[in-house]
Every structure is written in structure tokens, then in C-alpha cells.
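Q: Please take a close look at one part of this model. Begin with the contacts between chains, then follow the elements from there.

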Amino acid sequence: MLFEVDIYPRVGQPDRMASDVIAAARDLGISHSLQAASARGFLLSGELTQADVQRATKLLLCDSVVESVTIARPGDTELSQRPHDSHAEALFGAEQATEVHVLHKPGVMDPVAGSTRQALRDLGLKIDDVRTLRKYWVARLDDASLDELCRRVLANDAIEHVHQGPLTLDHLDTGRPYVFQKITTQIRDLDDEALLRLSREGQFYLSLAEMRTIQHHFRDQEREPTDVELETIAQTWSEHCSHKTLKGRIAYRDEHGERNFDNMLKETIFAATQEIRRKAGSNDWCVSVFEDNAGVVKFDDQHHVTFKVETHNHPSALEPYGGANTGLGGVIRDTLGTGLGAKPVCNTDVFCFAPPETPAEDLPPGVLHPKRVMQGVVSGVRDYGNRMGIPTVNGAVCFNPRYVGNPLVYCGNVGLLPQDMAFGSAQPDDLIVTVGGRTGRDGIHGATFSSAELTSESEELSGGAVQIGNAITEKMVVDVILQARDRRLFTAITDCGAGGFSSAVGEMGEKIGADVNLEQAPLKYEGLSYTEIWISEAQERMVLAVPEEHWPELEQLCQSEGVEATVIGRFAPTGKLTLRYQQQIVGELDMEFLHDGRPPIIRDANYAPANATPISFPANSGQDANSTLCQILSSLNVASKEWVIRQYDHEVQAGSVVKPLVGVDDNGPSDAAVVRPVISSRRGIVIGCGINPNYGDFDTYHMAASAIDEAVRNCVAVGADPARIALLDNFCWGNTDRPEQLGSLVRASIACQELALELGCPFISGKDSLNNEFRYEDPDGQSHSIIIPPTLLISALGQIDDARRAVTMDLKQFGNLLYLVGMTRNELGGSHFSLATDGSGGDVPSVDASRARQTFASVHAAITAGHVRSCHDLSEGGLAVAAAEMAFAGGIGAKLSLNAVACDFTEWDAAAQGNAATVLLFSESNSRFLCEVPRNKADAFETALADVPHSQIGETVDSSRLQIHGLSGIPSGELDDTVALVIDADLAELKSAWQTPLNW
Amino acid sequence: MDEIQTPFPNSRQRSAKPGFAQPRVLVLRSPGANCDEETQFAFNLAGAQAERIHVNRVLEHPAVLEDFQILCVPGGFSYGDDVSAGKILGSQLEYRLGEVLQTFRQRDTLALGICNGFQVLLKSGLLTDDGEPAPPGTLTWNTCGRYEDRWTKLRVDGGRCIFLQGMTEMEFPIAHAEGRFLPRDDATLAKMQSAGQLPLRYTSRSQGDKTGSESVPYPDNPNGSVANVAGICDITGRVFGLMPHPERFIDATQHPQWTRKFDVRDLDGLPPGDGLAIFQKAVRYFA
């Protein structure tokens, strides 16, 4: 018997789901008059009576203080009426309203349904299955708008379907049994065209050379491949899993000449790390770099820390909530799959979107509205991170119209790893054990799909690649894995990420061999073929190598906490990957061919620097610095992200020392996060990041160098020791088959190599996401591509001996001195001043790496000695923005003099010299800090900074204004408060300009 | 590179006085509980002997409760907060452990629910006084409609609650989506008010103390709770649930403004956080 339970907010209670729908309909221009009410619903099937369901509702489903309920069989008219005491009935009364149901598509993860089913069974009800639904009543909308509302607001048809009117189903579909049939694919006799067609239609996304290699292999074997063999090869050779472009041969050419790489990443970024480790000798603090699922460095005398940042761009473009949700879930599993399992201790998240105010009619076909993408992504990260009990402590959000088809979602996680657990390796004859979630049809082809470019039809082609996570399953997995680790019950562990079992088992057994019985994998529902089981990317699964003698203890441990663990095979020492289903061999591949058989690809890469043009200064730039400052503060990149940050639990695990929001009202922008990962210790980790896609259009070398400088200086600004900062690179680029795209990437990698070496900051892990292009046809049939700006995220993991030495960026006390550390140059190219004034040209900020290293060391010495009360790095918007943020975060006024700023004025061109105040206010030169220093510490501070440019440029004052005196001529390096003010602004106004834009 | 860990300065308080009975605390783990480690740490710092035990162990051997003087349901997302926050674990406690928990409660023990633990205690009936037909109210969606993490200022109202003895004001963070306390009805609210069962209230962070009748606007009252209720206790004062997280403020550096609020020239002189007192009061109850 099937019952539907609809649960409505009572009269007087808020209707959150309806409010969200009304707001979204308004934002998207669908309707300004829409009236809506909502209910959440359950479909319960089993041996049930009406009384059973009433009991279930009373005991579990409905909170009668705030909700009222309707229970009936689907199709009964009662369900088409609203309870008399519901908010919905009060809203509509006699008004005509349409009833709309939204249900998950079959097979889509529905955590609430699963928990509810178990809880109702625990209460003694004979429940077979549970589904959840959302129900909406909508009115004051024409039919066309209703369809649009359904499609664009009420449901995402990648994962849900919409039913207008009463539901009519009489049972819940639970899938059909699978009839085993071994499938082989004819490949040996195909011509090139047919090979390419097979690659495309099979969603393998392999090149012709690769398809030919596979063809030759099976000709040598004198047989045709099975479907699962082709899938396994495609997954292992995918860009996502093998990083064949950046680890491949590249012929690179730029203005300095030609350079040939055999393995580009190895010869640039990785080489720098090796050199740093070599120089450090016995003080080498790297443990495991570019090998494991995350980079590992030393922390204290008992622990290492691990760090990994992943991207989940393509799934987030199609289903923002699920994409971001599983993106974070995936990187947390990377931590758990590092060494013998690290404990996740904090998250970091960086997003790139098109501006959320983009008019709906300006969007290309097939893309979701950027505001909806942003809301979905933030909710997805929130719901996963918060449920996992991992604080999200750092991040950034960047906006650029070119992200409209390809939003970027970077999710990172830091882990804590006991020193003797840093390495694992599967042993011959260990059991292959899967722990955690069950395998379903979700995420088929994620690895190969993410290596392809998105088109306006991607949603239909690759809907299966979209997944929703279940954080509690993953939390339970973390809980048991860490216990099993400490009891040493397994020899190796990795996560099931892209490529599923295929990738996890293939990697772990690469040097041994593996024999897998696919029918033993626990399934969410019937009907999966052996191939689907093998490549499914269902979430929340880990694969362990378990010595047979430990299996009973592991099984018991997992059972005791309700976690499913199943033996699916054995690491058989055969050198082969053998896949079986119902006693038949369905696939058998040599590990060697699988991992080393991919043909090398040589790619061309060209870089031609953009022509240098001088910066254009608007006519009134000198006169109106106040309004320029407010404009920059309210630009989306700079504006407060409090709406995002507050939705994340940034304090769970109780190690938070410097929070993302600081200052007198807890809402100033912190430079980096400080966290104590060991609750009983004072030692801290510091997490910062650097990203500035605006610089990439000028020169990706300087973009990369600036991002590294920014990431490191953010960490240094809160107290991190610059001698112990590890870096991660995450490249998101367009299609690198085009030589100029690849060229700009190689150039950025060279910058990473050079900067890492100069700063002594090793890269320890990284990831790339290529093909971030969106192709569509306009109504006239013209084809267009939108390519994202080259986007390099640098994440930094620093350390601080005693977290009580940390400083924050908010001004603390009037009467203190303000010092600007670092050299200000005429570097307004790609700056926020340029963006705000629609300017162009100019020099993009570069990094003087040896001076940067000295500056970081000196600032750190001053902070550690306790000379600095507050410190803020200068980034977007330069000195003016940094000073404004420090002042309004602290609620303390500041008075500065541009005359005292250290700069290389004589090297500027005439236009810049004529606009010197503007340059000094807004230049985004790297390696600079603004520091608040008590008068009695001034001498000691100056001594600590003796080797780097610095000058006292003002002081904190007992007022609520930021006042900056301009120049009377050439900046002399001395304070001069007799010159007129170029900035004179009330802190409340500045703060309001900064807070308003994203205060949703 | 300095590899020496600075010992946590307050950890000396962990060693209890000789002859002082260390109460045993059962910190209840469950699928999705995630504040159990720091809660255990806070209790131990206050002088208790806290253990984290999975709810499945308690379901298998309910008698395990006899070994403990304090039950603490920590924060997190028990069973994902699926259906509604704390509901599934609450109903497990009520229907599968109801009797042993009532026995536990009658034994002059203490029970503390923090955040999700408060939601669990309330929905399990452990905060329902004898003779009452239903829990005194519910904890439902914040009026702002979303999960938020922010610091709140709290004031103590009345002396009923064991965990708040002698305390007046404090600051703790909240981190929840469903923390708006709604009483079952006005009569229940009035009764609890006069019995001192609404002992912890949100108050204005900037303007000092307020009386319970005054409305404290968002975000100082972060979730729209009726009468600014942040925590409630049963009639004995021994069962206490609160939405804010005292275990997240047992050390000065956990405060969002510690770099401006405290004298950072004397690092070893930094005071403990306000939350430690709550755990200490619980421990002293058994002294």
C-alpha cells in the first residue's frame, strides 16, 4: 500500500521553500506577481494501514507545533486540498492555485528517504520504501510562465522531475533486475573514422592515436575487447585521471625562444619542490609530494598535515548543489585516502561565477542563471561541510562574465596524519574491501565527461554524471576508518572518486594485480550491469587493502557503527586486472598496458605576450578618489562575502584561532585562517589563497607569480612562518588542444617553478581542469565558444609555532603608528581601479621574488616578536582598500599621507607621474603589508624591517573617518599632513559600500 | 624550526584534587554527531572523566548508563538531521531507551544537550516534566531561513539550572539552522518562565543586559526564539539543553575578538573562555 504524507507550515509560520521560489522567480524575471506555498512530502510504501501512517507521522515525520499534515493515497482528492490551519490555506483560501510535485528521478541519492525508511522500521512499521517530494501551490502565473518556473526554479531536470497536478502513482518503482550478458565491442577492423565515432559515442573522449593503440593491443591479443575493458582504459587514460596534457610532451615557444618538455609538470613545478627539498637536506619538511591523494608535510613531533584542493566544475555547471556537495565530499575522501588515512580538519572553498546580476535574457542557451549557480554551490558546500563536522575556514569568490558557462568550484581539505601512518601499500593477496556507500547508477562517465568541453546539450548527454552526496554516510566512514587505521587493520586505502572502482582498484593494484567479483559489490538497487558497477562514481566509498587475518575485526568494527563493508576481490599477484561477474571473466587487462600503454602525445604550446599599452587614467581620477574607493569596495570581487561565510560552520572541532570574519563587529575580512588542529596543542596551521584571473589577460606569468605572492603574504599577515609554507596549484583553463591556451598555461607553470624556488615554498600537490569552454549556437545558427579566463588558484598551508602569536587585520587602538611595508610601483594593469573606471592597459603587477622573500621573513620576525597589533596584506584595490578595510573592521579611524609611501616614482611614465596619488592609492603591487604598530614598539619594528622598504605613512586616530592626504609634488618619503585630502570618508559609509552588494 | 609543542596552559586543571570524585561523563556519539571530541575535551579539562560512546553500544547494553553520572548529547547532525533536526536520534532515545533514561534521570544525575544535543533531548522527551503531555516546545527553522554561525551574548535568568549556577553573562557561538525555540503554547511558556526553566537568553551584544520581555532583534537573537530563549532546563535543573556551543569557548583564542579583547602582551595570562565554567559547574555538582 502506498501513502502520501504532505506536511505544511502552519498558519503564522514562515514558508521557506515558497519564499525561495518567489525570490528566484523575481530574480529570473519569470514573474513578479507569483504567489506560492509549499509542503514537504513523503511517499511511504509497505504493509501499511492509514493508522500506521498516522502513527509514523505523529512520532517522526511532522512537528505539530509548527506543521500540519494531510495523509492519503496518491490520487485521493484530500491531497489536493490544503489543511485548514496551514499557511498555504491561509494564503490562497478560495483562490485558484496549481499543484506541482517535484520528485527525485529514480536512482538519485535521497538521504532523507533513506534515514526515514530506517527510522520507521526501527519504530516497528513494515516499510518497504520511502521517497521524499516537494509540493508547491502556485498562482498568478500564466501557463508559459508556469512551465518556465517548473523548469528553471522548482526543479533541476538533471536530477528531478516535475509533475503538475495530483500524483497518480500506485507503487514506487524500485528498478528492474539485470539480465547478465557479456558484451564485446568490435574494434579490430574499424577504420579511423569509426574509431573516432566509437570514442565519441561511447563517451570515452579518447584521441585517434589512443584509439589506435587500443586497437593494436587487441589485435595482438587476437580478440575483441569487452565493454568493461574499453571503459576501464578510457577512464584510466582520461585527462581527469592521467593528466596527460600537463604531464605530457610539450613543445613550448614564447618571446624567449623554444623549450621542449618530456613531462611539463615534472620539469617545472615538481622540479622546484625537489630542488627545495635537496637544499633543505636534513631539514627537509616535505613528506610525500605529488604522489598520494594529497600532499603531506611535517607538522609537530607526532603529526604531519596533508592538503589537497580539487575542482568539480563540470558537475557544478549542470547541478550546482550536487556538484559542489560531491566536490567537497570527494576532496574530504582524498584526505581520508592519504597515507593510511588522515583526519579531515578544515575545508577551504573558492568559487568563480558570472556576475549574479546578469540579466536572464543575456544568458546563452543551456546555462543556469549565475545567481542560481552561486546559491546552489554555496548550499552544496554548506550542507556537506557542516554535516561532516569539518570547519570551512577560508575561501574566495571571483566574478567574471566569462564564467557563465563554466563556473569554477574549488574544494580543499586539510588533514592531520600521525607520522607513522604516512605511507601505505597494498600487499599481494590482500582483500579488496569497499567501505561506505552502495554502488548505484550515479556518476557514470564522470571522469571522461569532466575531460570534455561543455555544450548546451551537455545536460542531456551526461545527466548520469550528476550526483548528490550523503554527508552522514561519509562521516560514518571517516569515524570507522580512523579507528581501523589506529588498529592497523589495513595496508592501503584510497577513495572511489572519478572512475569509481576502476580507478581505485586499478591504482592500488597497479604493481600487483587484482581479481574482482563485481556481483559482490553492494548495490543501491537492482539493474546495474557489471560495467556500470565497475565505473559508477557513486559517492562515499573507500577501497581498502585488508590482510585476510584482519578482515573479521574490520567487518565487526564497521558493523558496530552501521557502516557497510564488503569484500569484492583480492589483490592477486598476477600483474593483471581480472573482472568477473557470475563466475565468468568479463574483463582481463595487463596492468602494464593499462597504466603505461597510453601513447605519448606531443602538443604545441605558444605564448605571445600582449602588447603593452599605458594605463588609461579617467579625466577625473584624481578628484574623485573617494567614489572610486567606494566603487572598488562594492565591486563583487572585493565586497564582503559574509552571506557565504556565515552559512559555513567555521568553528566546529574547536580549533579556530583566526576566523574568516574578524574585528569589532565580527565582520571584517580576515587575510587567512589560523586553526589549531590538535586540540590540546598551541601549534597552528594557517590557510590562505591567492587568485586573480584579471591579471591573466595581461600575462599568465605575472598572474601566477602574483597569486603565489598573495597566497603566501596572506598567511604571513596572520603570523605564519614563511619558511614553512607549502603550496598547491589548481589550473582551470580552456581547451589546451589550442596552442595558445596551452602556452599560457605552461608560462604560468614556469612562474610557479621560479617563484616557489625563490620563496622556498614547495608545491606539494596540484590538479588541473582543462576544457573549460562552453559551446552553443545562437538563434541564427552561429556557433560560439565562451572560454574562461585562465584561472590559477594557489592555496597555501602555513604553520605557526604558537597560535597566540597570530594577529588579525582590524585596527586595534587609536594613537598607534601605521607602516606600509614593501615598494609601491606603477602597477595598475588588471587592477580593480581599472575595472572600476573602465580603464585598460598598464603594467600588471609583477613580483620581485628575492625582495618578497626578505619582506615575508622580516614581517614575520616583527609579528613573532609581538611588535604588530594588526596587519593586512595589500591586494585588490591596493593601499586605499586595505586601509579602509582595516579601519572599518576595527571601528577606528586612520590618517595617512601618500607623501610618505615608498615608491619608485622616478621610473614611472609621465602619465603615471601626473596621476601619482591615484597610483599610490590603488596600485596592486605585490609583497606589501599595512601594519599597525604601538609607538613604544616603533623602533623595534623598524629594526626588524631594516632590510626591506617600509615607511610610517600615518597613524590610527580617535575618529570614525579614513583620511588620506595627497601629494604636493614628488613623493618625498616624509609624512605631510598639510596637503589636501584625497580620501576623506566616513567608515560607516565605506563599510556599507563593502557590505551591501552580496548581502542577500 | 621549533618542533616543541607548547602545552595547553589550562591542562593542569585536568588533574583533580585528591579525594575529589571525578564524575564520569558519557558523551553520546551517533551517526553524524560531530562535536563529541571537543565536548569530551572540555569535560576533561573541567575535571571530569569523559568517554565517547556510540549510541549503538548503549542500545546493545543500556545498563552502561549506570556507570555514568553525566550524559551529554553533543552537537552535530545526528542522522543528518533528516526529517528534522535531532528527530531521529530523539525518537530512538524515547522509544528504545525511554525507561533506562528515566531511571538515569531519577538518579540525581545530570544531562546536557548542546545544539543538536538540545534538539535531541527536547524531541526525546527528556526535557518533558512529569505529568506534561508533550515536550514544552520545539526547535525549528531560524527566522532568517538559513544555517548561521555567529557569536551571541547570553544572560542567565534565574538560579534553577545546575550548569549555570552563579553565572550571569557569557558569550558563545551558535551554529545551526533549526534553533528557534517555540513553546508548545503560551501557558507552558509562562509556567516555565516562572519556574526558572528558561535560564539562558540571548541578549544584545552592544547594550548590556535586557529583561526577558524585551525583544532582542536579529542577529543578537540569532534565530527568532520566543522570549530570546537560548536554553531550557527541566524542573529539577539537572537536565539542560542549549543551542550555543560552550565547548567552543574554553580557551581565549577561540573568541572572535581575542586579539583585541584580551591583553595579548601576556599570553600566559589569557583567561579561559566563558564555556569552561559550564563544564566545571557540572563537575562540582558531584564534589
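A: Two residues are in contact if their C-beta atoms, placed from the backbone, lie within 7 Å. On that basis, 60 residues of chain A are in contact with 54 residues of chain B. Several elements of chain A each supply at least two residues of the side that touches chain B: α1, α2 (50–61), α4, α14 (370–388), α17 and β24 (656–658). Helix α4(A) gives the most, with six residues. By class, this side of chain A has 22 nonpolar, 16 polar and 22 charged residues. Nonpolar means Ala, Val, Leu, Ile, Met, Phe, Trp, Tyr, Cys and Pro; charged means Asp, Glu, Lys and Arg; the others, Gly among them, are polar. Helices (H or I, at least four residues) and strands (E, at least two) are DSSP runs, numbered from the N terminus.

The model is predicted: local features need pLDDT of at least 70, side-chain atom pairs count only at pLDDT 80 or more, and totals for chains, interfaces and linings use all residues. Residues are numbered from 1 along each chain as its sequence is written, while chains are lettered from A and ligands numbered from 1 in the order in which they are written.

Now the sheet of chain A. Six strands form it, in the order β3-β1-β2-β5-β4-β6. The sheet is open, and the pairing is antiparallel. Strands pair if DSSP finds at least two bridges between them. The edge strands of chain A are β3 (67–72) and β6 (160–164), and each pairs on one side only. From one strand to the next, the twist averages 25 degrees.

Helix α1 (residues 16–27) of chain A touches β2 and β5 of chain A, and its direction makes about 130 degrees with that of β2(A). Helix α4 (residues 111–122) of chain A also touches β2 and β5 of chain A. The direction of α4(A) makes about 130 degrees with that of β5(A). Axes are lines fitted to C-alpha atoms, for helices over the stretch in contact, and angles run from 0 to 180 degrees between N-to-C directions. Both α1(A) and α4(A) are also on the list of elements that supply residues to the side touching chain B.

Buried means 20 or more other C-beta atoms within 10 Å of a residue's own, exposed means 12 or fewer, and partly exposed is in between, with C-beta atoms placed from the backbone. Strand β1 (residues 2–9) of chain A joins β2(A) through six bridges, and the two run antiparallel. Within that pairing, Phe3(A) has Leu44(A) as its bridge partner. Glu4(A) has Leu43(A). Strand β5 (residues 127–139) of chain A pairs with β2(A) over 12 bridges, again in the antiparallel sense. There, Ser38(A) is the bridge partner of Tyr136(A).

Helix α17(A) is another contributor to the side touching chain B. Its residues are 471–486. Its axis comes within 11 Å of the axis of helix α13 (residues 320–336) of chain A, and the two cross at roughly 5 degrees. So α13(A) and α17(A) are roughly parallel to each other. On the α13(A) side, the contact is made by Gly329(A), Ile332(A) and Leu336(A). On the α17(A) side, it is made by Ala471(A), Glu474(A), Val478(A) and Ile481(A). The residues of this contact divide into five nonpolar, one polar and one charged. For angles, under 35 degrees counts as roughly parallel, over 145 as roughly antiparallel, 65 to 115 as roughly perpendicular and the rest as oblique.

Further along chain A, helix α18 (residues 500–508) is mostly covered, with eight of its nine residues buried. Among them are Phe501(A), Val505(A) and Met508(A).

Now the partner chain. Chain B has seven helices and 11 strands. Its C-alpha atoms fill a box of roughly 60 × 45 × 35 Å along the principal axes. Of its 287 residues, 57% count as buried. Of the contacts in chain B with a separation of 6 or more, 75% come from residues 24 or more positions apart.

Helix α1 (residues 36–45) of chain B has 10 of its 10 residues buried, so it is largely enclosed by the rest of the structure. The buried residues include Asp36(B), Glu37(B) and Glu38(B), as well as Phe41(B) and Phe43(B). Their cover includes β1 (24–29), β2 (49–54), β3 (70–73), β4 (110–114) and α7 (276–284) of chain B. Gly47(B) follows α1(B), and the phi of Gly47(B) is positive, near 110 degrees.
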